[in-house]
Structures are given as structure tokens and as C-alpha cells.
Amino acid sequence: MPVIIDKDKCTGCGLCVKACPFKALLIVDKLAQVDEAACTMCGVCGKPRVCPFQAIEVRLDKAKRNRKLDEYRNVWVFAEQKKGVIQGVVYELLGKARQLADIRQQQVWAVLLGRNVGHTTQDLIARGADGVIVVDDPALEHFEDGAYSNVLTRLIRKYKPEAVLTGATAIGRSLIPRVAVQVGTGLTADCTGLDIDGETGLLRQTRPAFGGNIMATILCPNHRPQMATVRHKVMPEAQPDSSRTGQVVKEAFDPGDSFSLSRVLEAITIPEDTVNITEASIIISGGRGMKKPENFALLHDLAKAVGGAVGASRAAVDEGWIPYSHQVGQTGKTVNPKVYIACGISGQIQHLIGMQSADIIVAINKDPDAPMMKIATFALCGDLFEIIPEIIRQAG
Ligand SMILES: Cc1cc2nc3c(=O)[nH]c(=O)nc-3n(C[C@H](O)[C@H](O)[C@H](O)COP(=O)(O)OP(=O)(O)OC[C@H]3O[C@@H](n4cnc5c(N)ncnc54)[C@H](O)[C@@H]3O)c2cc1C
């Protein structure tokens, strides 16, 4: 038995029961006991902070632990949806999940939570899922991190996936760290690359680190599932194949899932045309060089003239000139448009990370040595307040 309870020291206080992510500890006759079948040997209960009486000793049996890890199979994709519409990042995740699962000769499963979402299952299968687990319940109508994370945690404990991928969206970033804590595993946030070792199943999770100056590849060798969030627009979408077939498994919402520290009072929709920069094929972004908020009207005029959306640097957002939902970059959105027009943006690495994969980059800057001017396909050196009105005039 790798988890040993010292009966003389155990007081039956139950703190270890609360700490175990796998519900593998229970109190019987005022003593802690281990449910071997549920224990994954994660080692959490052996940490000194868990048992104040030092009554638990964990003896790591590597062979046994590896056998436990081998119980985890398949790659899961969290099928984020809004009002029953699957979000674009999910198709990107399905494309990558398909590759990873094929290397491991395993399956891809999408996990779909929401209300009246059943009509999307065939779409997920067409994009590469071998199966979809659906929990369709009025309690899941609006995303709410408590209920969603409780449901996903319960499903992970039941089905034991080897890897779980989620979009690094506002929803994914709120949801998945809670799930990772509840199942006692690691999480790599904001990945830009994923690969897998075909033999060991170790997921190589790559993401920018130290302000984007290096790329770090992170492994999660001792815990399962391996969990990662992935930025929108960094991986190609899986193309639909309507001839694909797959399984749909319906799971019920458990009333216990609704426990949450927060409650959704109202869902307010922000008009998509003003903020949906991740989907736009032309983006006109403004930085500190715009000087004041009123000047963003110029960018909106240009966006209207060319059918684009307006983005911004963090400097402009921090100044309060434009809402955060427009921010491009490391702490904003990653975009992949056909044309990106950077107006008065110097091009610091944290901004470039979010837009450098654009097909065509146009920089408008009065400083010819600005980094953005160096990477631009077309660098227009001059005063943006003269150049932009001229472009609008010519586009009109
Ligand atoms: C952890 C971290 C995360 C970050 N995340 C992000 C992020 O997500 N997105 C982001 O953008 N930044 C981010 N930053 C900030 C980033 O480092 C830069 O400070 C920021 O991008 C600079 O914004 P800017 O280019 O608009 O301003 P500046 O660097 O001040 O550049 C303004 C530019 O405007 C030009 N200009 C001025 N007037 C005119 C004119 N009349 N005509 C033409 N050109 C003109 C100037 O020559 C200059 O090049 C982050 C920083 C950190 C530390």
C-alpha cells in the first residue's frame, strides 16, 4: 500500500479527505482509510500541510503509479459554445487533437456542456471527434465557472482522458485552472504548439515565456490528465468531413454540480462587429501614437472603408482610449488576419506575439527604426494623421 495511515497519529479530522482530488480517502470509525481503486498516487495527501498530525506517509511505487497513469486514454477537447454556436478555437483544437490521438492510436472526444446544444454534435464529429460527451441542462445555459468546472471534473474522474485541451479564451482561462486543481494535475496555459511522444504519451506543451523572449516546452510526467489551453488562431482549423461518424454519449447534470461561489445575474452581449478582431480578415490597430481617444474615430472610419475591425496596443488600452476587448498581443488577443495595419504602434515583442502571423503587415509610423517598421510588408514612414485620411480618401 503506497499510502500508509499511522493509526496512532490519525485523529479522523477529515482534512485529508477534503484535500484528496480523487475522493480516495474516507473516514471510517474515526480513522482515515485509502480507497486503493480510486487512489492515483498523486502524493497530495502526503504533503505536510495536508495532515497537521503527520499521520500520512506516501511511499512512491513508480511501477504502480505508471500503471495508474496508463489507465488514462484519449484526447479531449472542451467544445466551447456560445448560444449554441461552437467557437472557432474548438475546430483548431480538434485538428491538433486528431494529430495527437493518431500518434497515440487513441480517440478524440469533444466535451459539450450547455443548454439545447445537441444539434452541434455532428459538426464536432465532422471536424475530427470520434465521440462527443454531452451534458445538456438548463443549469448550463450560461457559462458559470463553478458548475462547468464541477461537471468537467466529474467527467474526467469517470472517463480518465490522457490529455484535455481548451481554448485560451476568457471562458477557457476561467474554467480549466479550477478543473486542474480539482483533479490534482498540472496545466500549461496559452500554448502555441503541442506535440506528443507516441510511446510515453507525454504531451510536449510549448508556450512563450519571459515576455516572449524564449519558447518553453513543458511536460507533465507524473499526473493525468495533461491539460493545456491553446491560443485562438495559432493552429489551423480541422476541415469538416460530413462522412465521418461517431458516438454521442449523454451524461446527466448532477444537482451537486451546481455548487458555485458565484452566480450569473445577467448575460450582456457586446456587439460583435466592434470587438470580434479574432475573426476579422482586416485589422486596423492603433497605439500610443494615436495620442487621444477621439482619434480612434479615424481608425473606425478606415475600418468602415475597408471592411475591417479595430484593434489596439496595450498602451492605448491602458490609457483608456479603447476597451480591453480590442487589445492585440501577449495579454490580449492573438489575431491572424490577411492584413494588419499598425498605426502608431512601435512593435514591442508583446504586441508582435499577437499579430506577427498576419499575411500582410502595414506599419504607419514616423519612426523608421520602430520594430514594427522592420517586420512590415509595407512600411509607411510619416505622420499617421496625414497618411490615414489619404488612405480613407482613396479607399472611398
Ligand atoms: C507582461 C507584459 C505583457 C504585455 N502585453 C501586451 C499586449 O498584449 N499587447 C501590447 O500591445 N502590449 C503589451 N505589452 C506592452 C508592450 O511592451 C508595449 O509597451 C506596448 O505594446 C507599446 O504600445 P505602443 O506601441 O502603442 O506604444 P509605444 O511603444 O509608445 O509606441 C508608439 C509609437 O507611435 C509612433 N508615433 C507617435 N506619433 C505618431 C504619429 N503622429 N504618426 C505615426 N507614428 C507615430 C512612435 O514613433 C512609436 O513607435 C505588455 C508588456 C508586458 C510587460
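A: Strand β5 (residues 75-78) pairs with β10 in the parallel sense, over 3 bridges. Within that pairing, V77 stands opposite L165 in β10. Two strands pair if DSSP finds at least two bridges between them. Helices (H or I, at least four residues) and strands (E, at least two) are DSSP runs, numbered from the N terminus.

Q: And what about the model and its numbering?

A: This is a predicted model: local features need pLDDT of at least 70, side-chain atom pairs count only at pLDDT 80 or more, and totals for chains, interfaces and linings use all residues. Residues are numbered from 1 along each chain as its sequence is written.

Q: Which strand do 5 bridges join to β10?

A: Strand β15 (residues 226-230), and the two run parallel. The bridge partner of A163 in β15 is Q226.

Q: How many residues of β10 are buried?

A: 5 of its 5, so β10 is mostly covered. Buried means 20 or more other C-beta atoms lie within 10 Å of the residue's own; exposed means 12 or fewer, partly exposed is in between, and C-beta atoms are placed from the backbone.

Q: Which residues of β10 point which way?

A: A163, L165 and G167 point one way, V164 and T166 the other, and all are buried. In a regular strand the side chains alternate between the two faces of the sheet.

Q: OK, helices. What does α5 pack against?

A: The buried residues of α5 pack against β8 (108-114), β9 (131-136), β10 (163-167) and α6 (170-183). Contact here means C-beta atoms, placed from the backbone, within 7 Å. Among the buried residues of α5 are A147, Y148, L152 and I156.

Q: How many residues does α5 have, and how far does it reach?

A: Helix α5 (residues 145-159) has 15 residues and reaches 21 Å from its first C-alpha to its last. That is close to the 21 Å expected at 1.5 Å a residue. The expected span is 1.5 Å times one less than the number of residues. Just after α5, K160 takes a positive phi of about 55°.

Q: Switching to β17. Why is it largely enclosed?

A: Because 4 of the 5 residues of strand β17 (residues 282-286) are buried.

Q: Which strands pair with β17?

A: Strand β19 (residues 339-343) is joined to β17 by 5 bridges and runs parallel to it. Strand β18 (residues 309-312) also pairs with β17 in the parallel sense, over 4 bridges. G286 has C343 as its bridge partner in β19, and A312 in β18.

Q: Now the open sheet. What is its strand order?

A: β12-β13-β14, 3 strands with antiparallel pairing. β12 (193-196) and β14 (214-218) stand at the edges with a single partner strand each, so one side of each lacks a neighbour in the sheet. The twist averages 25° from one strand to the next. Axes for that are lines fitted to C-alpha atoms, for helices over the stretch in contact, and angles run from 0 to 180 degrees between N-to-C directions.

Q: How many bridges join β13 to β14?

A: 5, with β13 spanning residues 203-209. R207 has A216 as its bridge partner in β14.

Q: Last topic. Which residues are closest to the ligand?

A: G287, G289, R314, A315 and G329, out of 29 that surround it. The cut-off is a C-beta atom, placed from the backbone, within 6 Å. α9 (314-318) is one of the elements that supply at least two residues of the shell. α9 gives the most, with 3 residues.

Note on methods. Contact = placed C-beta atoms within 7 Å.
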